[in-house]
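Here is my note on the model you sent. Please read it with the structure open.

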Amino acid sequence: MYSNLGYYSEVNRAPAYSGRVSDTVIKVIFDDQKEVIWCGLTNGTIATLECPSLRTYSRWHAHPLNTPILDMCLAGGGGGSRSSAFSVSPDLAVLHSVGGSRLFRFDPYSLKLRGSSNSPSSKSSSSGSSFSNSSFNASTLGALTTCCVDPRSLSSHDAPTSSGSKIFLGGSRGGILLDLNRASSEFLYDVVESSYDISGGVSLARGGVNGGVIAIASGSGWIHLLDTREPNGGMGPGSESGIRSQGTLAHGGGISSLAVQGDYVISSGFTTKGASNGSLTSSLPSSLALPDSNIKIFDIRLGLKLLHSVPIPVPVSVPVS
């Protein structure tokens, strides 16, 4: 879209998938190295489209059929190139190149590590090589929900790893940190570097906050800052950081969107405010999650203190012409 005096006009439109109408796009990210858009669909397909023409660059089945892609993030996979992306579905995390070549596959329940033979980060065979980690239990991770690059593995930070080589995976019960540099066919290194016990699980995770920490949203509506250098990410009793272990309740009914920029974390979500007499929702169950009409902005320098709660008008009805 182009902006003209505050208004936006459509530049182009194109279907990301030519199959069933019910196969819809649920995740979109821009590639920061190529003029390409990554699209994740509800049927497990990833499509890369040229921008702004929206011509199909490539399309492939990245996850099992009819398994929705819940989240995607750009990643270098240990090779320094950012023209690759990680995608997660409930039971699988996969790294693909922009053309659809599979570079890395992580299935926490089969405990199989699979990568392409020409992957810069993984030299394991395509048939898969086993690995084990006595400190990692897949049941403590739960179903996968989200992913993001550990900011400390990027070249702008002082970590001695290849660009984007560490990936945080969030699940319904906790989170783990994968180090793609540990994947090898000669030595079966464990790629699970750390695991994190996070109350309420993880619904969203976003890197890019100043200080190299990861902002995570729990399933119960809390926002925490996870520091991969500290025990349990600086979120538990073993943490040396009191600020990061506290967190803050952002939306009582859950968080639907999370964004970070510099020292700020922004969220939107749902509320479960109790019904009051005479209110519009007095006849609804008090546990029913309703859209929160406020976008909230937090400052990490003040321990995730709420700076602003900006009300956004929510329509109660849609006019029919």
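1. Surface patch. Start on the outside. I266, I295, V310 and I312 make up a nonpolar patch on the surface. Together these residues have about 260 Å² of accessible area. Bear in mind that this is a predicted model.

2. Where does I266 sit? I266 lies in strand β22, which covers residues 264–271. Is I266 buried, partly exposed or exposed? Its relative accessibility is 34%, so I266 counts as partly exposed. The buried class requires under 20%, and the exposed class over 50%.

3. Largest core. Now go inside. In soluble globular proteins, nonpolar side chains tend to be buried together. The largest nonpolar core here holds 20 residues. F86, F104, F106, I167, L169 and L178 have the most contacts inside this core. Two or more residues come from each of β8 (84–89), β9 (92–97), β10 (102–107), β13 (144–149), β14 (166–171) and β15 (174–179).

4. Second core. A separate core has 15 residues. Among them are A215, A217, V265 and F298.

5. Secondary structure. How many helices and strands does the chain have? There is one helix, and there are 25 strands.

6. Whole chain. The chain has 321 residues, and 47% of them count as buried.

Note on methods
Residues are numbered from 1 along each chain as its sequence is written. This is a predicted model: local features need pLDDT of at least 70, side-chain atom pairs count only at pLDDT 80 or more; totals for chains, interfaces and linings use all residues. Side-chain values use heavy atoms; hydrogens and water are left out. Helices (H or I, at least four residues) and strands (E, at least two) are DSSP runs, numbered from the N terminus. Buried means under 20% relative accessible area, exposed over 50%, partly exposed in between (1.4 Å probe, protein chains only). Patches are made of residues with over 30% relative accessible area and no salt bridge: like charges are joined within 9 Å, nonpolar side chains (Val, Leu, Ile, Met, Phe, Trp, Tyr) within 5 Å. Accessible areas come from the Shrake-Rupley method with a 1.4 Å probe; for residues, only the protein chains shown count as cover. A salt bridge is a side-chain nitrogen of Lys or Arg within 4 Å of a carboxyl oxygen of Asp or Glu. A nonpolar core is a set of buried Ala, Val, Leu, Ile, Met, Phe, Trp, Tyr and Cys residues joined through side-chain atoms within 4.5 Å.
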